[in-house]
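Hello,

Here is the model I promised to pass on to you. Have a look at it first, and then read my notes below.

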Amino acid sequence: MKRKTALCAVIFILVSMMVSAGDFQKTVLALYKSSEGQTAKENEIYFYLSNPLKEMGLKITYWDIDRGLPSKSLTNQTRAVITWFRGPSMRRPYDYLDYIDSVIDQGKKVVVVDNFGAYQDRDTGDYVLPLRMNTTLDRLGVMYHGDWTQDGSKIKIASKVPEMVEFQGKQNPSSSAFFYRFISSDRKLKTWLSIKRTDRDYDPSPVIVTNRNGGFALSRYIYRVENGKVTLLLNPSLFLEEALFPKASGENIAILADVNDSAGKKILEFTESNFKRAKIPYTVISTRDFRGMVPDDLNPYSAIGLILNSDKGLDTEILKRYLDKGGRIVSLYGGRYTELMPYLGIGSNRKAIRDSTGYRIKKGFLSGEDVSINDRSVEWRPGYGIPVSSARILATDYSGRIPLVWSADVRNGKVLVWNWDNFIYGEYLGYILESFLYVQPVGVAATPALSIMYIDDWPLPMYNVVKPPLKITDTEFYSKIWWPDIKDMLAKEGLPFTSYVIFNYNGTTKPPFETGEFFVAKGNAASKIGYEELSSGYDVGLHGYNHVSPTLTKTEINAFTWSSVEEMEFAFNHAKIEWIRLFGEYSLPRTYVAPHNIISQDGIRALHHVFPTIKSISTVRSGEGEGEVYDFGPNKEFPDIYMMPRMTSGYILNETARADIVSGILGPGLWSHFIHPDDIFDQHRSEGKDWAGLKADFLDMITYVKKNYPWLKSMNATDGYRAMRKYDEIGVDYSSVGNTVKIRVREPGIYFRLRFNGKRILSVKGGSVVYSYRSTDAAVIKAEGSEIIAVLGRKE
């Protein structure tokens, strides 16, 4: 490095909203150097930046860097650290760079304008090594490569955004006469001004930029002095806004939640599960952060989720400013609001509320060709809000009198409000995710897009008895009617399946564990069906030695329990011996369905010890008090085991089943469905229908799924959990500019659901449209390469 002229920049450091409580403060820390003639009220920050910062709702604390580095406590108590130095040198510059790096590592932003200030060690005269300096600059999206010149005749503007860099006057590179070569090291770098040497053939040098960590502005292009008057070239307000509160460049959601409210905490858990599965970036902002928030804090988000049952101290100016800029808000918790009413499309509040029964969701809100929900069985408590007259009612209680969901245009934005408390249950995951896709101009969500069929309790013990409503023995029904019918139906519909062997239905939980029930069937039917499945290439898993859930906890459903993990292991080992003797060691199960869909971590531990071949366990997603529940994903203690909770079960397409199917596909992204051969003997599960009726209903269910979600990929449970593992490993990045949506993926094959109200897809590069809906503005796209570019336009 030959030139001794300072490398010029200003540094801001802002707490990122991705981190936890305490990060929202209303104070910024401004650094200056007394050795350069600056004081707390005689410095460039005070002159040019203090008013824009105050207008943003921020206070300023000034700190003389010549006194040493700011303390950790001082830094932690500030939202941003701003530096604007006049000269290139300081004492112990390497310590200063370490300080800046540590602050960035805590999630804080950095913006560099004018003199970098740490270019040279003031005591020794040594220059900072370029490699070390670039370690810090790289975080801001640029790297220094020297090649300085002050020959203005060799410098020209390569690109500029006038509203940012020509605030009070035009840029004039021949007058600025200052060039350093910088290269971009961040693909998402926003370049507001770039310059080029006409005697060089390398890319333009970005000299005023912002990125997710802050920004950078090179000296001589910030202001100039003419006839003793300062002309600002850089727009300080716009630059600070982009550096401190960058606008959303793609899908990115903030959830404002009361994590101390038990119901709110549960709703947040399900909401986060949705976003993780859909690979949507999100931030959780808790109520304890509200007092430190300023109006522009929501700028970086494409949509805001509210999980609040009251105003909870949230400054209404924050939502007002967000909506003024066209923001989108989804409220997931029906509560009682006063100050927030105008920003949630609420015209007034009820004086009292009472529980509602059932609900109706109108066609067009949930993705699908013909999806409306009319479930009369659900009980829920509405919030106090009454929507404004201009609101669009998307769902009501079953009577049609109480609004359940409404959408309203508020200021320049849009809100969608759920007026209930039922998101504390896991059955409604799809409704949550769909709300965020619906409310945004373009909503994008990755999806596993799977259809997995489970035949639980099959083959099972058959007892050669006649039980109502049949007039033939159970063995005859299972082996000669039910099994041929199911095989034929699933084959014709192209639905692979996995069946789950159950050896006994006894309640034995202590040794000795006897064998016998599985062999009672006339003609050894159960064993022969197992042989048939394996020889035909069907996937066969384990349901258990018996139907006692592997847990030490007694519940209403789980009347029998195990007294120790060792006893569970004894029973599993008995099942393993029986399996090997009957079917061979080569065929040991790879998947397991827990009896009653309940298994504790103790049970998983016992299962894993005896059956290391089992790599997937199915339970329920929402247990409602019946033991532990598990989300999709690797088990925390045994990551080689993938948890695959079921979403739906049964043969009958009633409204509850319809809702569960839709929610499972639109939320977690799959139809994981269970059927049982013995449903005909259960009055509740069969609703009194004979097998012909159940079979017809089941075909109707399959037809319904295929009509509304024809893009699902059908597979058995083993292939399904493998597909889920692969899906989890694929990284995704969303960005958008105007009507162009860009999706980057680690590898091709992944599916994405898109919603685009009032628009249509004009073209897709790097992907293919798997399905385009006719009745809703939605489509499913498959990645064919590493980048999808979808261009949208208005509907004709």
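Helix α15 (residues 655-666) packs against helix α17 (residues 691-708) at an angle of about 35°, and their axes lie 11 Å apart. Axes here are lines fitted to C-alpha atoms, for helices over the stretch in contact, with angles running from 0 to 180 degrees between N-to-C directions. The crossing of α15 and α17 is right-handed (the near helix is turned clockwise from the far one by less than a right angle). On the α15 side the contacts (heavy atoms within 4.5 Å) come from Ala657, Arg658, Ile661, Val662 and Ile665, which meet Met701, Tyr704 and Val705 of α17. An α-helix has 3.6 residues a turn, so residues three or four places apart point the same way.

Before going further, please note that this is a predicted model: local features need pLDDT of at least 70, side-chain atom pairs count only at pLDDT 80 or more, and totals for chains, interfaces and linings use all residues. Residues are numbered from 1 along each chain as its sequence is written, and side-chain values use heavy atoms, with hydrogens and water left out.

As for the whole chain, it has 18 helices and 44 strands (DSSP runs numbered from the N terminus: H or I of at least four residues for helices, E of at least two for strands). Its C-alpha trace spans about 105 × 60 × 50 Å along the principal axes. Of the 796 residues, 59% count as buried (under 20% relative accessible area, with exposed over 50% and partly exposed in between; 1.4 Å probe, protein chains only). Among contacts between residues at least 6 apart in sequence, 76% join residues at least 24 apart.

Now to α12 (525-535). Its buried residues are Ala525, Ala526, Ser527, Ile529, Gly530, Glu533 and Leu534, and their cover includes α11 (474-492), β29, β30 (539-544) and α13 (565-583). Just after α12, Gly537 takes a positive phi of about 85°.

In the loop between β29 (497-502) and α12 you will find Val520. Val520 is partly exposed, with a relative accessible area of 38%.

What about Tyr734, buried or exposed? This residue sits in strand β38 (residues 732-737), and Tyr734 is buried, with a relative accessible area of 7%. From Tyr734 to Pro496 there are 238 residues in sequence and 33 Å in space, C-alpha to C-alpha.

Best wishes
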